[in-house]
Amino acid sequence: MRFTLLTGGTPGNDLNLSLDRVASNRNFGNKIWNTARFITRNISKVKAEDAPAEPAYTAADRWILGRLSETIATVDRLMDGYQYGEAGRQAYDFLWGDYADWYLELSKVQMNKGGATAWTTLSVLLEVLDKTLRLLHPYIPYVTEATWQELRKAFMEADLGIGPAEGWAEALIIADWPKPTEIDLAAAAEFEQLRELVRRIRNIRAEQGVEPAKRIPAILAAGEQTPFLQEQADALAFLARLDSDQLTIAETAEPAPQAITLALGPITCYLPLAGMVDLGAERGRLETDADNLKQEINRLTGLLNSPFAEKAPEAVVQKERDKLSKLEASYAEVTGRLKSLA
């Protein structure tokens, strides 16, 4: 309720309190707690002797730390301008979107590598959540304090050499406010490109009706980005549900027959349709759809060329014309798909 009241409106305007928004923010509280539990459950995968002399940051680590720094700077600017609601919304979006939806998922791949990579990943997981809890503490003090105390207890007991740079304060409410740090712009740009590639592949999977659990093949012609994508192959396969054994990443590559092409700057991705759907069944389904659409188009065309178009009210006739236009667009899309399967 407190978070909803603080972030649900704009200064100077009345707030129409939505109970759905309250429920959504309750879910946000659950997200914070579950994120902390994920981190503490992974403590057992790391040993103190795994700590490297220098943090073994991956591109994903550098990206999330950069996004954290940007968020801290944005929240500071908004609070200085008394825009407290927007400041809270920025922290909310960062934790739920960039951190939980992307970095947390990627951390599962990195934690499984063990050693210095796992130690560094765990330290980044904690650093980002710790500082985000500090940003959110003015808005949801009880949830953030309880969560932070659980993290503090778990990491102090584990004694892994992982924790806030200034040490653990007795309580979150008296801990230092976070400060933005230098951002690795090159790493951030590379990882953003990887995120966009994953989004595009996910969209194609959804459009083609590929089952979420099904892993599909992919061919990437990556040019100068080849070393980076080869390094990120495990993460790419995990996030986009690709078959690691059928994932090809090279400077240049020939597309497979009947493949969907995704162009993303210097990167071209080919997704063989045969690896996603049963081409025979898909072709049959599309042919049936095309026949049904053609019949309906012919019926409406005949209707609009008959005396009906002159006698019926204009609004009724226009409705039928609009329907015909949509049917023709659908027919063009279906026949285009059929040609791609030829």
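Which residue in E4 does Thr261 stand opposite? Tyr270 in E4 stands opposite Thr261. This is a predicted model, where local features need pLDDT of at least 70, side-chain atom pairs count only at pLDDT 80 or more, and totals for chains, interfaces and linings use all residues. Residues are numbered from 1 along each chain as its sequence is written, and side-chain values use heavy atoms, leaving out hydrogens and water.

Start with the sheet. Four strands form an open sheet, ordered E2-E1-E4-E3, with mixed pairing. Strands (E, at least two residues) and helices (H or I, at least four) are DSSP runs, numbered from the N terminus. Two strands pair if DSSP finds at least two bridges between them. The edge strands are E2 (242-250) and E3 (259-264). E3 and E4 (residues 267-272) pair in the antiparallel sense over six bridges.

Now the helices. H7 (residues 185-208) lies across E1 (216-221), E2, E3 and E4, at about 150° to E3. Angles run from 0 to 180 degrees between N-to-C directions, with axes as lines fitted to C-alpha atoms, for helices over the stretch in contact. Contact means heavy atoms within 4.5 Å. H9 (residues 233-240) packs on the sheet, touching E1 and E2.

Next, a pocket. By class, the lining of the second largest pocket has six nonpolar, three polar and six charged residues. H3 gives the largest share of that lining, six residues. A pocket is an open set of 1 Å grid points, over the protein atoms alone, where a 1.4 Å probe fits, with protein on both sides within 12 Å along at least five of seven lines; lining residues have an atom within 4 Å of a point. Ala, Val, Leu, Ile, Met, Phe, Trp, Tyr, Cys and Pro count as nonpolar, Asp, Glu, Lys and Arg as charged, and the others, Gly among them, as polar.
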